[in-house]
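Subject: Structure handover

Hello,

Here is the structure I promised to pass on. Please open it first, then read my notes below.

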Amino acid sequence: SAGEKITSEYIVAARSIAKSGGVKDWVPFAQLCLVRPESEYDNAHDVVQAAVSSYCRELSSIAAFGAPVFATLARSDLQYSIEPIQSFQKFVYDTVIEGVTEQDMTKKVARETL
């Protein structure tokens, strides 16, 4: 039906793009839940990007609350990444935090990939 909605959940991470100081590695700090019309299924990337752009002030504040080092940076010096929650759970949380699966990738390789 035309009124059907899709709900998607994402993990938002930030890092500093300033030439000096800040955090150079991605730091997850928020969960974003988006509800959109089913007709927008194919342009999920655009919808997520618009949400981050619309809420960059709030996201900056949340990042600073969770990791005070972000409070020392201008909002324009923050870069955001958005990852579907299932992907974050599988590749970051379960693997790195919980150690559920063995890591095939060393930290050095992971940094090069990022």
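Where is the place of Asp77? Asp77 sits in the loop between helix 2 and strand 3. Helices (H or I, at least four residues) and strands (E, at least two) are DSSP runs, numbered from the N terminus.

Some ground rules. This is a predicted model, where local features need pLDDT of at least 70, side-chain atom pairs count only at pLDDT 80 or more, and totals for chains, interfaces and linings use all residues. Residues are numbered from 1 along each chain as its sequence is written, and side-chain values use heavy atoms, with hydrogens and water left out.

Asp77 has a relative accessible area of 25%, so it is partly exposed (buried means under 20%, exposed over 50%, partly exposed in between; 1.4 Å probe, protein chains only). Asp77 and Ile17 are 60 residues apart in sequence. In space they are 5.2 Å apart, C-alpha to C-alpha. Leaving aside residues up to four places away in sequence, Asp77 touches Arg15, Ser16, Ile17 and Ala18. Contact means heavy atoms within 4.5 Å.

Next, helix 2. Ser60 lies in this helix, residues 56-66. Ser60 counts as buried because its relative accessibility is 9%. Its contacts, not counting residues up to four places away in sequence, are Arg75, Leu78 and Tyr80.

Now the core. A nonpolar core is a set of buried Ala, Val, Leu, Ile, Met, Phe, Trp, Tyr and Cys residues joined through side-chain atoms within 4.5 Å. The largest one has 22 residues. Val12, Phe29, Leu34, Phe70 and Tyr80 touch the most other members. Strand 1 (5-16), strand 2 (27-37), helix 1, helix 2 and strand 3 each supply at least two residues of this core. Helix 1 gives the largest share, five residues. Leu34 touches Ile6, Thr7, Ser8, Tyr10, Val47, Val48 and Ala51, again not counting residues up to four places away in sequence.

Last, the cysteines. How many disulfides are there, taking a disulfide as a pair of cysteine sulfur atoms within 2.5 Å? The count comes to zero. Cys33 is partly exposed, because its relative accessible area is 46%. Cys56 is partly exposed too, with a relative accessible area of 32%.

Best wishes

How values were computed:
A disulfide is a pair of cysteine sulfur atoms within 2.5 Å.
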